[in-house]
Amino acid sequence: MSKQGKLLIISGFSGVGKGTVVNKLIDKYDDYTISISATTRKPRVGEGETDGVEYFFKETKEFEQMIADGELLEYAQYVDNYYGTPLEFVNEKLNEGINVILEIETQGALKVKEIMPEAMMIFILPPSAEELKKRLVGRNT
């Protein structure tokens, strides 16, 4: 019997360095993957986004059916589009013995923890409020 992967939920404020932490884990360990989210927004053509790589691109009706069928660990609506974590992708990777990282906002993280209590939640804080402000101003957010 192969080992079961672990689910890691990485959350924190915008600008705290979640992406940096996730990228370091992916670079250092070959048994980690980032969960691919589903979304109803259109692919960014100029950035070469590919279905099943950056996102699973869905039509609104299809996404709403996924919600109705309980196929998402969590989902949210942001700027007229849905975003969510497909349960099938996560379970598939965990069953292959691959550790899955969800880099999501706090509300979604809490929803996932309710469904999968074995998930490890990591909340990243900035070094200071001043540093966070500097980072957000630096990226014009």
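This is a predicted model: local features need pLDDT of at least 70, side-chain atom pairs count only at pLDDT 80 or more; totals for chains, interfaces and linings use all residues.
K42 counts as exposed, because its relative accessibility is 54%, and its side chain meets that of E59 in a salt bridge with an N to O distance of 3.7 Å. Since K42 lies in the loop between β3 (37-39) and β4 (55-57), whereas E59 lies in the loop between β4 and α2 (60-68), the pair ties together parts that are 17 residues apart in sequence.

**Salt bridges**

- The structure holds six salt bridges, and one of them joins D31 to K3, with the closest N and O atoms 3.8 Å apart.
- This pair links distant parts of the chain, since D31 sits in the loop between α1 (18-28) and β2 while K3 sits in the segment before β1 (7-12), 28 residues apart.
- D31 counts as partly exposed, because its relative accessibility is 25% and the partly exposed class runs between the 20% limit for buried and the 50% limit for exposed residues.
- R44 forms a salt bridge with E49, in which the closest N and O atoms are 3.9 Å apart, and R41, R44 and E49 are linked in a network of salt bridges.
- The two partners R44 and E49 fall into separate accessibility classes: R44 counts as partly exposed at 43% relative accessibility, whereas E49 is buried, with a relative accessible area of 15%.

**Nonpolar cores**

- The largest nonpolar core is made up of 12 residues in all, among them L7, I9, L73, V90, L102, V112 and M116.
- The elements that give two or more residues to this core are the strands β1 and β7 (99-103) together with the helices α3 and α4 (106-115).
- I9, a member of this core, is in contact with L102, I104, A109, V112, K113, A119, M120, M121 and I122, when its neighbours within four places in sequence are left aside.
- A second, separate core consists of eight residues, including I10, L25, I101 and I124.

- T39 is found in strand β3 and counts as buried, because its relative accessibility is 0%.
- The side chain of T39 reaches the backbone oxygen of Y82 at 2.9 Å.
- Not counting residues up to four places away in sequence, T39 touches Y55, F56, F57, K58, F63, N81, Y82 and Y83.
- N81, one of the residues that T39 touches, is found in strand β6 (residues 81-86) and counts as buried, because its relative accessibility of 18% is under the 20% limit for that class.
- The side chain of N81 makes a polar contact with the side chain of T40, at 3.3 Å.
- Beyond its neighbours within four places in sequence, N81 is in contact with T39, T40, R41 and A76, and of these R41 also belongs to the network of salt bridges with R44 and E49.

- F89 is found in helix α3 (residues 87-95) and counts as buried, because its relative accessibility is 12%.
- Residues up to four places away in sequence being set aside, F89 touches I34, S35, I36 and F56, and F56 is also one of the residues touched by T39.
- Between F89 and G19 the C-alpha to C-alpha distance is 20 Å, with the two residues lying 70 residues apart in sequence.
- Y32 lies in strand β2 (residues 32-34), and leaving aside its neighbours within four places in sequence, Y32 is in contact with L8, L25, I26, I98, N99 and I101.
- Y32 and E92 are separated by 60 residues in sequence and by 13 Å in space, C-alpha to C-alpha.

**Nonpolar surface patch**

- F13, F123 and L125 make a nonpolar surface patch of about 320 Å².
- F123, one of the residues of this patch, is found in strand β8 (residues 120-124) and counts as partly exposed, because its relative accessibility is 41%.

Definitions and conventions
Residues are numbered from 1 along each chain as its sequence is written. Side-chain values use heavy atoms; hydrogens and water are left out. Helices (H or I, at least four residues) and strands (E, at least two) are DSSP runs, numbered from the N terminus. Contact means heavy atoms within 4.5 Å. Buried means under 20% relative accessible area, exposed over 50%, partly exposed in between (1.4 Å probe, protein chains only). Patches are made of residues with over 30% relative accessible area and no salt bridge: like charges are joined within 9 Å, nonpolar side chains (Val, Leu, Ile, Met, Phe, Trp, Tyr) within 5 Å. Accessible areas come from the Shrake-Rupley method with a 1.4 Å probe; for residues, only the protein chains shown count as cover. A salt bridge is a side-chain nitrogen of Lys or Arg within 4 Å of a carboxyl oxygen of Asp or Glu. A polar contact is a pair of N or O atoms within 3.5 Å; within protein, one must be able to donate a hydrogen and the other to accept it, and residues adjacent in sequence count only if both atoms are side-chain atoms. A nonpolar core is a set of buried Ala, Val, Leu, Ile, Met, Phe, Trp, Tyr and Cys residues joined through side-chain atoms within 4.5 Å.
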